[in-house]
Each structure stands twice: as structure tokens, then as C-alpha cells.
Amino acid sequence: MSDLIVENPRLLILLEHFNLDFVVSDKTVSLLCDENSIPLQLFLLFGNLYNGYQPEVSHIGSPEDIKTIIMFLRNSHIYYKEEKYPEILSYIKQIQDKTHNSEIKLIENFFKDYFTEVLEHLDYEETIAFPYIVNLVEQKGKQVNSDFSANEYREHHTDIETKLTDLKNLLLKHIKISNELPLRRKLFLSLFELDFDLQLHAMIEESILLPIVADIESTMRNE
């Protein structure tokens, strides 16, 4: 596992989302998963996503897989809310303080509005989507919240990704700022890190989790 991390440091955030420590010694991926009760095929699937490959989900779908996926997604929410968004906002404010550029103030307001929408989406997942899926896995279908909608779930993701792209384009193409290159570099890198993880987050939900949920619902309807 350590060699894989050296080849792709982005795997560190993968480990963090799985609640795995970074000190992996000379353990193989298989041993690491076995010691931490992580489904091996699921870990390999997500690891391939972080290495740039498209998901192949044929061996995924057990209750253990689904609960681990939700644990992974919940941890990614913590990463967005408690690390990336405060970090990005801090960089924007520092640039504003140093340059007194009025357009940066507009960027700050844009980002705050965007962050509010993201929080609403994460709250929707935490309070409606994830409990619905957990109850479904535990075969408590009659108790699930009927407000859940897979289509609405997908539309939320599209809005979030589009607005983050708009923000990057504003900073790359339209907002002219003098100097402060190191600070602006940190802002861009943080935005790209967030964008990368959000895209995988959406892919996991839309291409892996939701199809599994749809299969379970179909099976329950036919029983």
C-alpha cells in the first residue's frame, strides 16, 4: 500500500475517507482491508477511481458494501465542511485583505452562496438519502422517508459541480489580480482538490450507490 501512496498521494484522502491511518507499514492492500473490516473489492474499486479509472461495480452490492460506502461518503462530507470550504474561504479573504480588489469581494459572496447550497445538499444526504438507504438495506422499507428521490439527488450534484466550475473560470479568465501569486496558487490548488473529490463523490453516488439501491428496490417490489 505504501508504494501506491507514493505513486499517487491522492490516495491519502481515500484512506482518510475509509478511516484508515496513513502508517500502513509494508501491509498489502488485502491485509489492510482485512485488518480494518473494509470490503476488499470496494476498496479496490474506489482506489481505481482515485487513480483515474471508471468504476466497474459487478462485484459490489452487499449490505456491508453499502454501509461502508455511506461511511465513506459521510467522512467526505466532514472533509468538505470542516477543511476544504473554510480553507478556500480563508484564501479568498486573505487575497481581499492584501489587494483590496472589489471583484474579489464578489468572488467571496459567490463562494459563500455556493457553500450554502452545498451545505443544503449535504444535509439532504445526511438526513434523507443516507437514512433511507440504510433502512432499505436493513429491510425496513415501510419506515423509510418517502421524500427521497433519485432524480432530485442527481440534479443536486449537477448544480454543485457547475457552480464550482464557474468559480474556477471566473478566477482563471475574468478576475484580474496583481501579485499575490503564492496565495492565489494555494487558492487554485485547494479549489482543484475540492473539485476532484466532489467529482468522485458524485460518481460514487450516481454510478455505484444509486444503481445498487435501485436493484434492491426492484427486488423488494417483486417479492
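**Notebook: helices, core and salt bridges**

Asp195 counts as buried, since its relative accessibility is 8% and the cut-off for buried is under 20%. I am working from a predicted model.

Entry 1. I looked for the partner of Asp195. Lys168 forms a salt bridge with Asp195, and their closest N and O atoms are 2.4 Å apart. I placed both residues: Lys168 lies in helix H7 and Asp195 in helix H8, so the bridge ties together parts 27 residues apart in sequence. Lys168 is buried too, with a relative accessible area of 10%.

Entry 2. I then stepped back to the whole chain. I found eight helices and zero strands. Of the 223 residues in the chain, 43% are buried. The chain exposes about 12100 Å², and carbon and sulfur atoms supply 49% of that area. I also checked contacts between residues at least 6 apart in sequence: 72% of them join residues at least 24 apart.

Entry 3. I turned to the nonpolar side chains. In soluble globular proteins, such side chains tend to be buried together. Here the largest nonpolar core has 67 residues, and those with the most contacts inside it include Met1, Phe43 and Tyr85. I listed the elements that give two or more residues to this core; among them are helix H2 (11–17), helix H5 (63–99) and helix H8 (181–222). H6 gives the most, with 15 residues.

Entry 4. Which residues does Phe43 touch, leaving aside those up to four places away in sequence? I noted Met1, Leu14, Leu15, Phe18, Leu20, Val29, Cys33 and Ile38.

Entry 5. I went back to charged pairs. How many salt bridges are there? The count comes to nine. One of them joins the side chains of Glu126 and Arg74, at 2.3 Å from N to O. Glu126 is in helix H6 and Arg74 in helix H5, 52 residues apart, and the pair links distant parts of the chain. Arg74 is partly exposed, at 29% relative accessibility.

Entry 6. I looked up another bridge from H6. The side chains of Glu117 and Lys163 meet at 2.3 Å, N to O. Glu117 lies in helix H6 and Lys163 in helix H7, so this pair ties together parts 46 residues apart in sequence. Glu117 counts as partly exposed at 31% relative accessibility, and Lys163 is partly exposed as well, with a relative accessible area of 28%.

Entry 7. Last, I noted a network of salt bridges that links Lys84, Glu87 and Glu193.

Methods:
Residues are numbered from 1 along each chain as its sequence is written. This is a predicted model: local features need pLDDT of at least 70, side-chain atom pairs count only at pLDDT 80 or more; totals for chains, interfaces and linings use all residues. Side-chain values use heavy atoms; hydrogens and water are left out. A nonpolar core is a set of buried Ala, Val, Leu, Ile, Met, Phe, Trp, Tyr and Cys residues joined through side-chain atoms within 4.5 Å. Buried means under 20% relative accessible area, exposed over 50%, partly exposed in between (1.4 Å probe, protein chains only). Helices (H or I, at least four residues) and strands (E, at least two) are DSSP runs, numbered from the N terminus. Contact means heavy atoms within 4.5 Å. Accessible areas come from the Shrake-Rupley method with a 1.4 Å probe; for residues, only the protein chains shown count as cover. A salt bridge is a side-chain nitrogen of Lys or Arg within 4 Å of a carboxyl oxygen of Asp or Glu.
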